[in-house]
Amino acid sequence: MQRMHSSWGAVLFGVLVGCTTPEVEMERALRPAPDEVPLTQREGWPGAVQVRPVGEAFSGDVLQLEADPKGRIWLLRSEKANGSSSQDAVTTLEVYEADGGRALALAREEGVLPWRFALHPSGEVTLFEFVKATGARTVRLRLRRLSPEGAVTRERLFEDEGRAEERLYYDLDQQEILSISTDTDPRDVWPTPKHARLRAVVLGEEAVFMAMSHGVKLYRLDAELQTRWSSQVMPANYWNGLLHSDQEQLAQDEQGNILVAWSMLASQAQAYRLHFGRALHWSGGLRDIVVLRFGQDGQFQLAQTFGREGDEVELAGLAAHRGEVVLGAMENILKSDRPNDTTEWDLVLMRGRMEDGALSLHRTLDISREDWLHDFRIDAHGHCYFAGTTDFVQADTNSWIEPGKGLLLKTDENGDQLGLLTLTGPRHVEVTHLAFRPDGTIQFGGTSDGPLTHTPLDEWFNETVLGVFSP
């Protein structure tokens with residue numbers, strides 16, 4: 001039997017009681033919250049785009065955006081008040097009708113942060129939430145299952161003691177392994193939700209999620225929220241917690257296998273080879289993108305790296321099409337000798353084979369000055385959709401010093417441009433999430449009127465927006 005963290009005993013007891021108490025279920029349900037704010041055109045933005053604001057807080061961000069078969073939009077967002085820190089942010093799960101009007105919202109609970117969700121074919125939802133007990137310095141992961149009507153049907157706290165071989169920790173610099181030790185700290189608790197780096201995909205009425213627990217691990221949940229299997233993807237190491245936050249990606253290939261990918265340093269590749277006893281090719285770049293494939297039974301199948309010598313590449317999206325993996329990424333490219341402005345971020349589209357790592361395509365897309373990629377999707381035809389920010393300026397010190405425009409780019413499978421929309425001001429605009437709607441339009445979420453690196457703190461507000469466009 002797995003251990004129970006004593007400081008969480010009361011919380012766990014409350015969760016289990018909540019499963020069987022109708023009054024608690026009703027309090028926690030996803031329930032009606034109409035606001036009747038429609039999607040409309042915005043002055044200065046392309047006519048093909050309709051948008052609406054969401055939330056009224058000082059600042060906010062979109063965490064996840066999905067469309068269901070009814071055309072409704074499921075939006076998970078965070079927000080915080082003026083003067084508060086990111087650790088004081090609260091998160092909200094909402095459902096919007098196709099016309100933009102809000103229909104449902106998840107009731108907020110003190111100390112609970114909804115963080116990810118998975119929409120199942122039945123209309124049920126698996127919800128991943130972080131819970132912080134009173135006085136605790138860490139958060140735990142709570143799993144809940146919602147009915148199509150939004151009622152809580154099952155819930156439990158996630159636990160994973162880890163296997164002995166999963167508890168090794170690798171201290172690394174950028175090039176090599178410095179030392180190896182045994183990690184004894186509990187790894188199913190985190191300082192903040194962001195430290196968990198959680199992603200999830202749907203497998204019918206089940207779900208697979210990845211989390212930074214004992215290194216990086218995959219877990220498969222059945223419809224009763226029980227763990228069917230877990231597989232370690234990457235051992236714990238120094239860089240796991242420091243680099244490439246939000247760059248980890250989780251997807252399925254055309255055979256239903258699970259794909260995991262992130263940007264990897266050379267020393268991480270050494271740790272991977274030693275820990276698992278597997279070969280892993282390295283291109284010689286500053287960072288490569290590693291893609292690992294697992295079967296639906298959790299068994300490891302293949303690992304491959306994609307990149308070019310000398311490249312510094314960061315991942316933003318992962319997909320599969322016609323037997324290849326498709327990667328949406330960014331490269332930081334040396335372009336000038338201007339003081340403090342020698343490099344530039346551009347978009348990258350890569351296609352490659354898992355069997356041998358051969359790249360059939362590696363194409364750089366330079367839209368306007370610096371281009372930053374937040375989300376990347378492909379449709380059934382292989383068309384690629386890039387969401388991010390373009391035409392901004394980042395200094396070599398990493399400060400963003402000139403605001404950018406929101407970017408919505410469509411290309412064919414080879415990266416040839418099929419459509420481009422830019423969203424201009426006020427101030428800085430970012431498109432951070434995309435979702436395909438049943439009618440063929442594209443839903444997006446992001447922020448407008450945002451700050452830059454050195455904006456005064458009392459002007460660090462922004463507007464969270466939800467929009468739609470016809471590609």
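Two strands count as paired if DSSP finds at least two bridges between them, and in this predicted model strand β19 (residues 258-264) and strand β20 (residues 288-294) pair in the antiparallel sense over seven bridges. Within that pairing, V260 stands opposite L292 in β20.

**The four-stranded sheet**

- The strands follow the order β18-β19-β20-β21 in an open sheet of four strands with antiparallel pairing, and its edges are formed by β18 (249-252) and β21 (300-306), each of which pairs on one side only.
- Neighbouring strands of this sheet are turned against each other by 20 degrees on average, with direction ignored.
- Helix α3 (residues 266-276) lies across β19, β20 and β21, and runs at about 135 degrees to β19.

**T92 and its surroundings**

- T92 belongs to strand β5 (residues 90-96), and its relative accessible area is 5%, so this residue is classed as buried, the cut-off being under 20%.
- If residues up to four places away in sequence are left aside, T92 touches L75, L76, R77 and R108, and with R108 there is also a polar contact between the two side chains, at 2.5 Å.

**Salt bridges between separate parts of the chain**

- The structure holds 39 salt bridges, one of which joins the side chains of E224 and R154 at 3.6 Å, taken from N to O.
- That pair links distant parts of the chain, since E224 sits in the loop between β15 (215-221) and β16 (227-234) while R154 sits in strand β10 (residues 152-157), 70 residues apart; E224 has a relative accessibility of 47% and therefore counts as partly exposed.
- In the salt bridge between E166 and K217, the closest N and O atoms are 2.9 Å apart; because E166 lies in the loop between β10 and β11 (168-172) and K217 in strand β15, the pair ties together parts that are 51 residues apart in sequence.
- Both E166 and K217 are buried.

Key. Residues numbered from 1 in each chain as written. Predicted model: local features only at pLDDT ≥ 70, side-chain atom pairs only at ≥ 80, totals over all residues. Heavy atoms only, no water. Helix = DSSP H or I, 4+ residues; strand = E, 2+ residues; numbered from the N terminus. Axes fitted to C-alpha atoms, helices over the stretch in contact; angles between N-to-C directions. Contact = heavy atoms within 4.5 Å. Buried < 20%, exposed > 50% of the residue type's maximum accessible area, 1.4 Å probe, protein only. Polar contact = N/O pair within 3.5 Å; in protein donor to acceptor, adjacent residues only side chain to side chain. Salt bridge = Lys/Arg side-chain N within 4 Å of Asp/Glu carboxyl O.
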